[in-house]
Amino acid sequence: MMNEKLEKAFNDQINAEFYSEYLYLSMYAYFERINLQGFKNWMDVQRQEERAHAMGMFNYVHERGGKVKLQAIEQPDTEWDSPLAVFEAVLKHEQLVTSKINALMDVADEVKDRAAVSFLDWYLKEQVEEEANVGNVLKTLKMICNDANCLYMLDKELATRTFVAPVIG
Ligand code: FEO
């Protein structure tokens, strides 16, 4: 059985991961509207990763004999001023997710669920990687955001990102 407080914290994080998928899907729609297909592809891969993160926790709660309780997903933003503004929002969001995973880990620690702490370690490492990836795109965008040719080149680069289902835990 899973501790009740920890189960609630996992359910909140499952919701945050589904919200992340929703947010990146909304950004996908934005890039479709402004016809940046590579950026759109990047968001498509990102949203699939978020779905995998959510399902990893979803399955883990079940595996531990807990109850998954899905919650309403908040409405994401739908408009941004530029690709740069989108990636600034992505970095801010990922930093928030990192703090949420840390808080979830604190709860697992508090209730002395070492298995959950160990499971969540994968998510923390994933956050380090995600923040670094987003930070790299953001750095490039800051250098080139006024140059349409460079934006075009970056779009081509982001078109090459592919989704590889993560092995969680
Ligand atoms: Fe699942 Fe990007 O955090």
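Where is the place of Leu70? Here are some notes to read alongside the model.

1. Leu70 sits in the loop between helix 2 and helix 3. A helix here is a DSSP run of H or I with at least four residues, a strand is a run of E with at least two, and both are numbered from the N terminus. Leu70 counts as exposed, because its relative accessibility is 61%. The cut-offs are these: buried is under 20% relative accessible area, exposed is over 50%, and partly exposed is in between, using a 1.4 Å probe and protein chains only. Leaving aside neighbours within four places in sequence, Leu70 is in contact with Ile14, Phe18 and Phe58, where contact means heavy atoms within 4.5 Å. Leu70 and Ala148 are 78 residues apart along the chain, and their C-alpha atoms are separated by 42 Å.

2. A word on what you're looking at: this is a predicted model, in which local features need pLDDT of at least 70, side-chain atom pairs count only at pLDDT 80 or more, and totals for chains, interfaces and linings use all residues. Residues are numbered from 1 along each chain as its sequence is written, and side-chain values use heavy atoms, with hydrogens and water left out.

3. Now the whole chain. Buried residues make up 47% of the 169. Of the contacts with a separation of 6 or more, 82% come from residues 24 or more positions apart.

4. Gln46 is found in helix 2 (residues 37-63), and it is buried because its relative accessible area is 2%. Not counting residues up to four places away in sequence, Gln46 touches Tyr24, Glu94, Glu130 and Arg161. His62 is in helix 2 as well, but at 42% relative accessibility His62 counts as partly exposed. His62 and Ala103 are 41 residues apart in sequence and 21 Å apart in space, C-alpha to C-alpha.

5. Next, helix 3. It has 28 residues and reaches 41 Å from its first C-alpha to its last, close to the 40 Å expected at 1.5 Å a residue. That expected span is 1.5 Å times one less than the number of residues. Lys112 follows helix 3 and has a positive phi, near 60°.

6. On to the pockets. On a 1 Å grid over the protein atoms alone, a pocket is an open set of points with protein on both sides within 12 Å along at least five of seven lines, and lining residues have an atom within 4 Å of a point. The largest pocket holds about 260 Å³ of space. Its lining has 15 residues, with Asp12, Gln13, Asn15, Ala16 and Lys100 nearest the centre. Helix 1 (4-33) and helix 3 (83-110) are the elements that give two or more residues to this lining.

7. The second largest pocket holds about 210 Å³. Among its lining residues are Tyr19, Trp80, Lys92 and His93. Helix 3 gives the most to this lining, with four residues.

Definitions and conventions. 1 Å grid on protein atoms, 1.4 Å probe; cavity = no way out; pocket = protein on both sides within 12 Å on 5 of 7 lines; lining within 4 Å. Points joined across faces, edges and corners; volume = space filled by probe spheres on them.
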